[in-house]
Amino acid sequence: MEPLVQKILVVGGNGFIGSAVCRAALARGIQVTSISSSGRPYRTPKGHAPAWVSKVEWRKADALVPETYADLLPNVDGVVHTIGILLEDRSYKGALARGDIPKLFAAFSNGRDRATDSSFGPASGVAGKGTYEVLNRDSALRVCETFVASKPANHDKDKTPESAPVRPFVYISAEDISQPIVPARYIQTKHEAEQRISHLLQDHPRFRAVFIRPSLVYHAHQRPLVSPFAALIDLSASLHARIPTGVPTPSSVLRMLGSKFSSTSSSSREAHEHTRPGTSPSSSSTTFPNSGLATTLNSMANALTIPPIHVDHVAEAICVALDPQRTDVKGVVGVKEMRELIGWS
């Protein structure tokens, strides 16, 4: 099989999704370089190093510090950004890999505490590297900015810039299915990154942004605790898909309630602004709980209707998106689109 691209950079190639991307790309003859904060090669949850690991160039770098990886970008045809966190208490990753239920519940509980504690998050002024804002959003923006500033080393100098190949920047985002279990800032920072990357690339036609939005990503061996939930969600999505249009379903009821709360929130906001002339939404410190509740209800409805996806299928879809001939693959790519890209009808 001919390689889709000559070489790619995977940011976070030793992680759950990143390692799957590395493996799938190598299977297509693509040269792969991975950068991560540790620079360590991928290991399975049991500490084994698969044979493919030796074929990846592993580099230590900080996504927030372009100087640590900028030299790699002129030589790559595409970048895949996979780093991010579901919870700010990152002990959940080890608990998932080990199947440690008590520690997993503790991590989720701690995550909820952080979401309501004013000592954490953007409002607190704490700019630690372990926050949603830094890892899910800012790291991707720094890498994308550096990628755009790089000039392809293999571009023919005699050709015009317009004839250079379009280089993809693939960002692993997410479907909104995790509220209220996971703090809203998780999905907010993911989608903020999408918006800012789109704005960054709008004046750079030789680059295209691809936003991969998986739902629940599972793997029986690497994430054993996730598999039962994936089976239940898949069953729910299948049942919802078979119900005739117009027949009430749990998801439709949740969306109806969400729309009502959203309307109530909008009315409350308008009334508040009317009583305070000259006050804009951005300058007002008043919060409207119904708005958050509406978002949560819609997220719950999504969780009932969007099927889970295997990590290898996510990686396969990313490799298709990296194909220089597939310039049609851009913008948001949800689970349905990922399945279509890998040949599922």
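1. A salt bridge is here a side-chain nitrogen of Lys or Arg within 4 Å of a carboxyl oxygen of Asp or Glu. By that criterion R59 and E57 are joined through their side chains, with an N to O distance of 3.8 Å, and both belong to a salt-bridge network that also includes K7 and D71.

2. The model is predicted, with local features needing pLDDT of at least 70 and side-chain atom pairs counting only at pLDDT 80 or more, whereas totals for chains, interfaces and linings use all residues. Residues are numbered from 1 along each chain as its sequence is written, and side-chain values use heavy atoms, leaving out hydrogens and water.

3. Of the 345 residues in the protein, 46% are buried, where buried means under 20% relative accessible area, exposed over 50%, and partly exposed in between, with a 1.4 Å probe and protein chains only. R59 at 24% and E57 at 33% are accordingly both partly exposed.

4. The structure holds 13 salt bridges, among them R23 with D312 at 2.7 Å, N to O. This pair links helix α1 (residues 16–27) to helix α9 (residues 311–321) across 289 residues, helices being DSSP runs of H or I with at least four residues, numbered from the N terminus. R23 is partly exposed at 25% relative accessible area, as is D312 at 27%.

5. R137 and E192 form another salt bridge, at 2.8 Å, N to O. Since R137 lies in helix α4 (residues 132–149) and E192 in helix α5 (residues 184–201), the pair ties together parts 55 residues apart in sequence. R137 is buried at 13% relative accessible area, whereas E192 is partly exposed at 26%.

Key:
Helices (H or I, at least four residues) and strands (E, at least two) are DSSP runs, numbered from the N terminus.
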